[in-house]
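Hi,

Here is the model I said I'd pass on.

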Amino acid sequence: MDKQLKRIQKSKELLLVQGVKKLQIIGFTNVTMHNILTDETYRIYFLSFLKNRSISKTDDEINAIKELKSFIAKLLKM
């Protein structure tokens with residue numbers, strides 16, 4: 001179980017890195033790993049990025065996406 005949690009955490013980190021790169025490409029040059037989940041605008045765009053993932057996913061990546069989407073949804077409700 002611990003190995004699975006580590007793989008999911010690694011998937012989350014990779015998704016965050018990819019999200020930062022994607023947001024920078026579309027013009028959000030100040031986005032970083034540290035503020036992609038704290039800035040409301042960045043969160044919304046990152047959520048869109050997660051929803052539009054079309055690359056074949058592993059079970060760990062699917063779980064990581066679900067967890068990140070759930071976390072962002074909770075933050076947006078605040």
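**How the helices pack**

Let me start with the second pair: α2 passes α3 in a left-handed crossing. Left-handed is used when the near helix is turned anticlockwise from the far one by less than a right angle, right-handed when clockwise. Their axes lie 10 Å apart, at an angle of about 145°. On the α2 side the contact is made by Glu40, Arg43, Ile44, Phe46, Leu47, Leu50 and Lys51, and on the α3 side by Ile65, Leu68, Lys69, Ile72, Leu75 and Leu76. Sorted by class, that is nine nonpolar, no polar and four charged residues.

A word on what you're looking at: it's a predicted model, where local features need pLDDT of at least 70 and side-chain atom pairs count only at pLDDT 80 or more, while totals for chains, interfaces and linings use all residues. Residues are numbered from 1 along each chain as its sequence is written, and side-chain values use heavy atoms, with hydrogens and water left out.

As for terms, helices are DSSP runs (H or I, at least four residues), numbered from the N terminus. Contact means heavy atoms within 4.5 Å. Axes are lines fitted to C-alpha atoms over the stretch in contact, with angles from 0 to 180 degrees between N-to-C directions. For the classes, Ala, Val, Leu, Ile, Met, Phe, Trp, Tyr, Cys and Pro are nonpolar, Asp, Glu, Lys and Arg charged, and the others, Gly among them, polar.

Now the other pair. The axes of α1 and α2 come within 10 Å and cross at roughly 110°, which makes the two helices roughly perpendicular (65 to 115 degrees). Here the crossing is right-handed. Leu15, Leu16, Gln18, Gly19, Lys22 and Leu23 of α1 meet Tyr42, Tyr45, Phe46, Phe49 and Leu50 of α2. That contact has eight nonpolar, two polar and one charged residues.

What about α1 itself? Its buried residues (under 20% relative accessible area, 1.4 Å probe, protein chains only) are Ile8, Ser11, Lys12, Leu15, Leu16, Gly19, Val20 and Leu23. They pack against α2 and α3. Just after α1, Gly27 takes a positive phi of about 115°.

Last, the loop between α2 (40–51) and α3 (59–77) holds Asn52. At 57% relative accessibility, Asn52 counts as exposed (over 50%). Asn52 and Lys66 sit 14 residues apart in sequence and 13 Å apart in space, C-alpha to C-alpha.

Cheers

Methods. Parallel < 35°, antiparallel > 145°, perpendicular 65-115°, else oblique.
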